[in-house]
Amino acid sequence: MSLPDSPPHAPPASGSPAVAAALPSSAGATANSTGNRIEQAKAAYCGLDLEPRLEELAHQGWESLDEATLTIHLKWLGIFFRPVTPGRFMVRLRLPNGLLDADQLEGLADVVDRCGEHGSADITTRQNLQLRGLLLEDMAPLLVSLNAMGLTSRQSGHDNPRNVTGNPLAGIDPEEFVDTRPLVQAIQARLLGPGGPRNLPRKFNVAVGGAPDSFLLHNDLAFLPAIREGSLGFTVMVGGFFSAQRNELAIPLGLWLPGQHLADFSLAVLRQFEREGSREARNRSRVMYLIDALGLEAYRERVLAEFAALAGAEATAAVLPHDGSHLVGRAPRDVCGLHPQKQAGLHWAGLHVPMGRLDAAGMAGLAHLSRSYGSGELRLTESQNVVIPDIGGERLEALRAEPLLQRFRLQPGPLEAEAVSCTGNRYCSFALIHTKSTAQAVVEELERRLELPHAVRTHWTGCPNACGQPYMGQIGLMGAKARHEGQMVEAARIFLGGSMGSDPRLAELHHKGVPLSELPDVLESLLVEHFGARRRAGAV
């Protein structure tokens, strides 16, 4: 795939004094932004306004860009400077509900391939893709190419509404209550539209549940399917988030609404947060802190007032009081393997992608499988795996024989299938360990040593920012340092007890620092003691 020429550029360089006059101010900036360096940068202009200037910035060279442009404003376009790979950038897409098709994945594979040894892609825990190894001069043509493919990277980073997630099996799931795809698409269209937020106090995660196992309480805003007086709609949950300072599950807002109002309600919540959320200390700026400051009842009334102003009286009348009960009662299913769809005669194939890491050849291969055996559609899961739907029963044996399934297996081991990992310090300067390679090596070693009666979900993260969601894992692991034989070495904190079932709870700290060299032995003992694992005969 060849990238088309970039669009014409205009306003002056961000380092010039004229930039404040040339570029419009970010909506939602408040008076207290003047005391915060990041808020000052955001108030100067919105990063979206950099898009027509990308070719100019590339000509200047990344090293000439001021810090705010490089590390803040470009993220509004989904472009991320990575200090550990200077000169090579990451682009985070938006894939609502984790959906893409074979043509799109092939196009993205070509983008990664042209980055050579630097190119790779990661499936994220928000059903999304991150492309790595790109140069700044790639960005202008890439954004044009993404638009031509029906994709976007807009507002996928920093203080923006992130990728909206939903049931990865939506529309094919025999157990679903509602197809989340049109609902998620409507929310994204509303949030990225002309009236959408451009300057939130902090990032904001939105999710829609559609099945019994769509546990989504780590989101700032989650809509869970619920029955009220015989009608199927959604109860509203708010305030979930993980950070280095605090971790919370979302709580009931006390409201229920029909699906057709989710998009407007989401925008109302985001507008209220944009206007009233704290911009003083970034570690106290997520929406749960706003709920704490106002009180839940006052917060609910302000959101309802915003919704009324946005959607009108008729829509407001459809939002009703609710006790927060819902139809979600179990942890997410392991999607790996071949499973019958709700459509007679069709199946989905859940393929395990080790730690969510892909290269160009793997991406192209998955696109080929989806086109050859299914309908050309693919879905990404929060467990960083891939689903290929719409496979006829007569084609299952041929699919099983595909060589690519030796790499992306239908039946991974009980630890491999649900092992989730953040990027790690290969690409992230905050991470304290190589999470993906460490996790893969440890999981493979434990699979060699142990037999497990059921899958155990492990979540690996490189630092306390918790991008790998360690508090959601039955076992959570966080990069750390520990003293071992008189020296400070790479280590992992261990968390136990996270549940995404009917009684949701966050994992709690079990060990403050196990040297990585000792981690397989320690985890082996924990799996035997707490999860019914048995040591394989002859394993050493």
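This briefing describes selected strands, a helix and several loop residues of the structure above. The model is predicted: local features require pLDDT of at least 70, side-chain atom pairs count only at pLDDT 80 or more, and totals for chains, interfaces and linings use all residues. Residues are numbered from 1 along each chain as its sequence is written, and side-chain values use heavy atoms, with hydrogens and water left out. Helices (H or I, at least four residues) and strands (E, at least two) are DSSP runs, numbered from the N terminus. Buried denotes under 20% relative accessible area, exposed over 50%, and partly exposed in between (1.4 Å probe, protein chains only).

- Two strands are taken to pair if DSSP finds at least two bridges between them.
- Strand 4 runs antiparallel to strand 5 (residues 129–134), to which 4 bridges join it; within this pairing, Ala121 has Leu131 as its bridge partner.
- The hairpin of strand 4 and strand 5 has 5 residues between the strands, and Gln127 there takes a positive phi near 55 degrees.
- Strand 4 is also antiparallel to strand 15 (residues 357–358), with 2 bridges between them; Asp122 has Arg357 as its bridge partner in strand 15.

**Helix 6**

- Helix 6 (residues 139–148) is mostly covered, with 7 of its 10 residues buried.
- Those buried residues are Met139, Ala140, Pro141, Leu142, Leu143, Ser145 and Leu146.
- They pack against helix 3 (54–60), strand 1 (79–81), strand 2 (89–92), helix 5 (102–113) and strand 5, where contact means heavy atoms within 4.5 Å.
- After helix 6 comes Gly150, which has a positive phi near 80 degrees.

- Most residues other than glycine have a negative phi.
- Ala466, in the loop between strand 20 (458–461) and strand 21 (475–484), has a positive phi near 65 degrees.
- Ala466 counts as buried because its relative accessibility is 4%.
- Gln469, found in the loop between strand 20 and strand 21, has a positive phi near 55 degrees.
- Gln469 is buried, since its relative accessible area is 8%.

**Ala305 in helix 10**

- Ala305 belongs to helix 10 (residues 296–311) and is partly exposed, with a relative accessible area of 47%.
- Ala305 and Ser120 are 185 residues apart along the chain, and their C-alpha atoms are separated by 45 Å.
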